[in-house]
Amino acid sequence: MSDARLSVFKTYKLYVGGKFPRSESGRVYEVTSRKGEWLANAPQSSRKDARDAVVAARKAFGGWAGKTAYLRGQILYRVAEMLEGRREQFVREVADAEGLSKPKAAAQVDAAIDRWVWYAGWTDKIAQITGGANPVAGPYFNLSSPEPTGVVTVVAPQDSSFLGLVSVIAPVIATGNTAVVVASEAAPLPALSLGEVLATSDLPGGVVNILSGRTAEIAAPLAAHQDVNALDLCGADEVLAKDLEVAAADNLKRVLRPQPVDDWTADPGTHRLTAFLETKTVWHPTGSLGASGSAY
Amino acid sequence: MTIEKQTSVFEYAPAPESRSVVDIAPSYGLFIDGEFTDAADGKVFKTVSPATEEVLSEVAQAGAEDVDRAVKAARKAFEKWSALPGAERAKYLFRIARIIQERSRELAVLETLDNGKPIKETRDADLPLVAAHFFYYAGWADKLDHAGYGANPRPLGVAGQVIPWNFPLLMLAWKIAPALATGNTVVLKPAETTPLSALFFADICRQAGLPKGVVNILPGYGDAGAAIVAHDGVDKVAFTGSTAVGKEIARTVAGTDKKVTLELGGKGANIVFDDAPIDQAVEGIVSGIFFNQGQVCCAGSRLLVQESIQDELLDSLKRRLSTLRLGDPLDKNTDIGAINSSEQLARITSLVETGEAEGAERWSAPCELPSSGYWFAPTLFTNVTQAHTVARDEIFGPVLSVLTFRTPEEAVAKANNSAYGLSAGIWTEKGSRILAVADRLRAGVVWANTFNKFDPTSPFGGYKESGFGREGGRHGLEGYLDV
């Protein structure tokens, strides 16, 4: 009897502002496996969807950046817990998306979950390695602290649909930024499913927004958007990356140019964390206790 | 008002610094590969003293061909310079720091002549900071392994650097010191109105025995700067100047591997709460906007004052501004020097006219302006709203826009309501309020109960359209390393 059961398909939707809308354009596009088998109809986002995502990300920024680093770590760790629970689903989706065997797909998903745990631990440490007191030549306490840049557009890697995706989202939000993510064009399903995980991980709505569709069509308005502060070009090809960087200059977005990644499982270092941080330096006069000198 | 009474108290005899300590040649060449040479096309331009309009010297004007030659010289020098042990590079920089200290009187007078700023500032702020900056980065050259960028961080190559006229030698130091410490070589273009101190620096490089081609100095105009930025042989671009040019640079380098740091405009908010010590705040407001005639990217050009103390503060401020001494920049008593150029004076004048036309209320300090040179009296605008041009655009002159607020939330919202995010000030006696407000200001440098303080160990740079990257401190190394 169970052999005859018809499975329930999932309608894949965008993840914007903590909700799961379809594209406002009503468009979808066919997503296939590496072998060409139909997997799903994914939303084909429009520029309006992109703008809506920026509004959601901006709205979420103050609250997310204002949370304690400890709490952000707790929430990111919760994401890893939820991922672990959905491990089998992601293995299946990654196997289909990337044409991997089950064990190889499982290794990608495991690495992705571990990567998320790694970044969860960074939230309350990054300030200690990138900031600190500066010994200025005067009676001042001078302290430099990293702060999140703001709303970051992330063009997710095209090839690594899940490990690569996680590796570019987690560092952006770990430090308090909010993200608008353009999922891999050909393999967006793991990204859209990640939205479902984020929605159930205590992550405030709008901190991560995930759009699927044509990369160039979605990324162009985001690169030109005046309320986006930074741009990770990871998944943009050379021609697109240049166009987007030119557009980004209009409001001087911070741009992380695409860098070849041979192996997403390698130690990512801290550069994806620091790429979207601003350093604020505050001077406080220390004054003087008067001429009486030391009590020692 | 007691303004008249107050001003009459201060009468000072002239106390001019001697200009005999500096010997300005009638003409200067470009400094390429260790030699002073003419421009390829033979072009020259004059540099004048903005205080008197006297022509100080005639300077070779770099063009694209000269840029190419300088970049090639820097590229050639890079191989050996980057291969030197850090400790040896350090010693060159220590030498430079020491020679700057030795020649600081000469350089201060030179800078005041070419730039127009008071000798008090070049002597007590610019030059000490220049020497300190070289001294600080000298020490990093052999400690880069410990800077937090991984083991053996590598230099980028040739750094193309374009600097402004407001702190000519200090901006040069901010650019060249970290570049050389990390093993890069340099092609630097000083601003067209202030080329002299950079050319004197070239001479200091020779005195220090710096290998040829490590530092190349190309006086010139914007076209030379653009040629440096666009040159294929340049691996790193560092620019301090206007946001409009910064955006053009960001477009130019798009799609290349060039690393970029941009230090651009600002419209700094100086926030005064009702519990602030008024006299101290007034001094901070004055140094915030009238230091260097307000030609400072991090100037506190928007005064945000809590409504309940507005009248008291403005009375005090106007009284204080009436005592500022404007005039001969070489006079040791001078507080306010000349505006750097006729173009800049025209820009300031036009923005101030816009301010009046839009309905803001203008007040200028009652002081006599010299008959020659470029001058603008310390000016403030009241009845300013956030929509006014004088509250939004960088004026880059001695003009303060005064806005009011009622609650700390309003102060923060107004302070952050700007495309810029370079600096801000907070005046209050309440420590927790300082921390809470500083935390919420979107600005790279925040001064609490002080303003316009600088130090080589302290990272400097902006949020948003004030640019990106940091100069100074350990952070300042990153822009010159392949990390």
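Q: Which domains does the assignment give for chain B?
A: Domain 1 is 19-264 + 463-478, and domain 2 is 269-448. Those bounds come from an automatic or database domain assignment. This is a predicted model: local features need pLDDT of at least 70, side-chain atom pairs count only at pLDDT 80 or more, and totals for chains, interfaces and linings use all residues. Residues are numbered from 1 along each chain as its sequence is written, with chains lettered from A and ligands numbered from 1 in the order in which they are written.

Q: How many Å separate the centres of the two domains of chain B?
A: 30 Å, taken over C-alpha atoms.

Q: And how many residues are in contact there?
A: 23 residues of domain 1 of chain B and 26 residues of domain 2 of chain B. Contact means C-beta atoms, placed from the backbone, within 7 Å.

Q: Which elements give two or more residues to the domain 1 side?
A: Helix 4 and helix 5 (119-140) of chain B. Helices are DSSP runs of H or I with at least four residues, strands are E runs of at least two, and both are numbered from the N terminus.

Q: What's that side made of, by class?
A: Eight nonpolar, seven polar and eight charged residues. Ala, Val, Leu, Ile, Met, Phe, Trp, Tyr, Cys and Pro count as nonpolar, Asp, Glu, Lys and Arg as charged, and the others, Gly among them, as polar.

Q: Back to helix 4 of chain B. At what angle does it pack with helix 7 of chain B?
A: About 150°, with the axes 9 Å apart. Axes are lines fitted to C-alpha atoms over the stretch in contact, and angles run from 0 to 180 degrees between N-to-C directions. The two helices are therefore roughly antiparallel, a label for angles over 145 degrees.

Q: Which residues make the contact?
A: B:Leu107, B:Leu110, B:Glu111 and B:Asp114 from helix 4 of chain B, and B:Leu196, B:Ser197 and B:Phe200 from helix 7 of chain B. They divide into four nonpolar, one polar and two charged.

Q: New topic: how many residues does each chain put into the contact between chains A and B?
A: Chain A gives 26 and chain B gives 32. The largest share of the chain A side, eight residues, comes from strand 10 of chain A.

Q: What does strand 10 of chain A join in chain B?
A: Strand 17 (residues 445-448) of chain B, through three bridges. The two strands run parallel. Pairing takes at least two DSSP bridges. A:Trp283 stands opposite B:Trp447.

Key:
Angles under 35 degrees count as roughly parallel, over 145 as roughly antiparallel, 65 to 115 as roughly perpendicular and the rest as oblique. Two residues are in contact if their C-beta atoms, placed from the backbone, lie within 7 Å.
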